[in-house]
Amino acid sequence: MSIWKWQPGYWPGSCLLCAARVPGGRDLCPECEQSLPCVKQACPRCAAHGAVMGAEGAPCGACQKDPPAFAITRAAFRYAAPVDRLIQNLKYHGRLELSRLLGEYLAAYLQSLGDSLPDTIVPVPLHASRLRERGYNQSLEIARFVARALELPLNWKDARRVRATAPQKELPRDRRRGNVRGAFAAGPAFAGQRVAIVDDVMTSGHTADALADSLRRSGAVEVRVWVVARA
Ligand SMILES: [Zn+2]
Ligand SMILES: [Zn+2]
């Protein structure tokens with residue numbers, strides 16, 4: 001059975017945000033597409049933005065003080081309206097058709113940057129208990145479209161979430177790092193590889209840091225992070 005199913009609020013040929021008719025089979029009308037919150041200036045390491053940045057191209061203060069296990073973060077959008085609503089609808093309301101839209105925007109953003117490409121893509125895994133509850137992993141669903149657009153292999157089997165953790169957003173900031181430490185285990189398949197982690201949102205960066213750390217321990221030579229949106 002296909003996991004793709006018709007959902008209330010989704011009409012082919014209409015804008016996924018405002019339901020206006022859209023010519024040419026696009027997902028968003030031109031007005032809604034214009035309203036997407038792009039990132040202007042961000043830390044190259046963690047994609048933090050908004051705060052006072054150092055010299056152009058230099059990492060933010062937090063990354064200089066305590067460098068994360070990943071080398072680069074690319075975020076297509078800021079986590080702000082209307083992208084926050086699209087992600088929440090995908091993640092919590094079963095609107096799986098939004099994974100294509102978000103994945104294709106992320107891939108188009110990455111293509112526009114012209115970075116050299118990694119060897120493989122790894123979506124942030126969900127713990128088996130969370131996966132059973134939600135029925136799908138939104139990061140994997142987004143990553144499928146990124147992998148397809150960039151013609152890269154997708155590895156969703158060799159990195160696992162071995163420890164169930166409380167949702168990061170429910171914890172105070174100072175407990176988020178400890179919450180995800182040791183939560184992931186990566187197999188030997190990543191030895192010698194350059195890996196891109198794909199996730200829907202990066203907030204503190206601790207989840208991506210914990211996964212990047214386990215990938216590097218298993219031999220990945222470089223880990224970067226690709227997210228739809230950076231909070
Ligand atoms: Zn619209
Ligand atoms: Zn940073």
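1. A residue is called buried when its relative accessible area is under 20%, exposed when that area is over 50%, and partly exposed in between. By this criterion N179 is buried, because its relative accessible area is 13%. It should be kept in mind throughout that the model is predicted.

2. N179 belongs to helix α7, which covers residues 173–180. Leaving out residues up to four places away in sequence, N179 touches R163, T165, A166, Q168 and L171. As for P167, its C-alpha atom and that of N179 are separated by 8.8 Å, the two residues being 12 apart along the chain.

3. Since C18 lies in the segment before α1 and C32 in helix α1, the pair ties together parts that are 14 residues apart in sequence.

4. C18 is partly exposed, with a relative accessible area of 41%, whereas C32 is buried, with a relative accessible area of 12%.

5. Which residues hold the zinc ion (ligand 2)? Its protein donors are the SG atoms of C43, C46, C60 and C63, which lie 2.2 to 2.3 Å from the ion. The site of this ion is tetrahedral, with angles of 103 to 112° among the four donor atoms. Its donors show the spacing C-x2-C-x13-C-x2-C along the chain. Within this set, C46 and C60 link distant parts of the chain: both are in the loop between α1 (30–34) and α2 (61–65), 14 residues apart. Both C46 and C60 are buried.

6. Helix α3 (residues 83–92) packs against helix α4 (residues 98–113) at an angle of about 135°, and the axes are 9 Å apart. The two helices are therefore oblique to each other, the limit for roughly antiparallel being an angle over 145 degrees. Their crossing is left-handed. On the α3 side the residues that meet α4 are L86, I87, N89 and L90; on the α4 side they are L98, S99, L101 and L102.

7. Apart from neighbours within four places in sequence, N89 is in contact with G94, R95 and L98. One of these, G94, follows α3 and has a positive phi, near 65°.

8. The buried residues of α3 deserve a separate entry. They are V83, L86, I87, N89, L90 and K91. What do the buried residues of α3 pack against? Their partners comprise the helices α4, α5 (128–134) and α6 (138–150), together with the strands β1 (72–78), β5 (194–202) and β6 (222–230).

How values were computed. Residues numbered from 1 in each chain as written. Chains lettered and ligands numbered in written order. Predicted model: local features only at pLDDT ≥ 70, side-chain atom pairs only at ≥ 80, totals over all residues. Heavy atoms only, no water. Donors = N, O, S within 2.8 Å, 3.2 Å for Na, K, Ca; no water. Tetrahedral: all angles 85-135°; square planar, octahedral: opposite > 155°, others 65-115°. Helix = DSSP H or I, 4+ residues; strand = E, 2+ residues; numbered from the N terminus. Buried < 20%, exposed > 50% of the residue type's maximum accessible area, 1.4 Å probe, protein only. Axes fitted to C-alpha atoms, helices over the stretch in contact; angles between N-to-C directions. Parallel < 35°, antiparallel > 145°, perpendicular 65-115°, else oblique. Left-handed = near helix turned anticlockwise from the far one by under 90°. Contact = heavy atoms within 4.5 Å.
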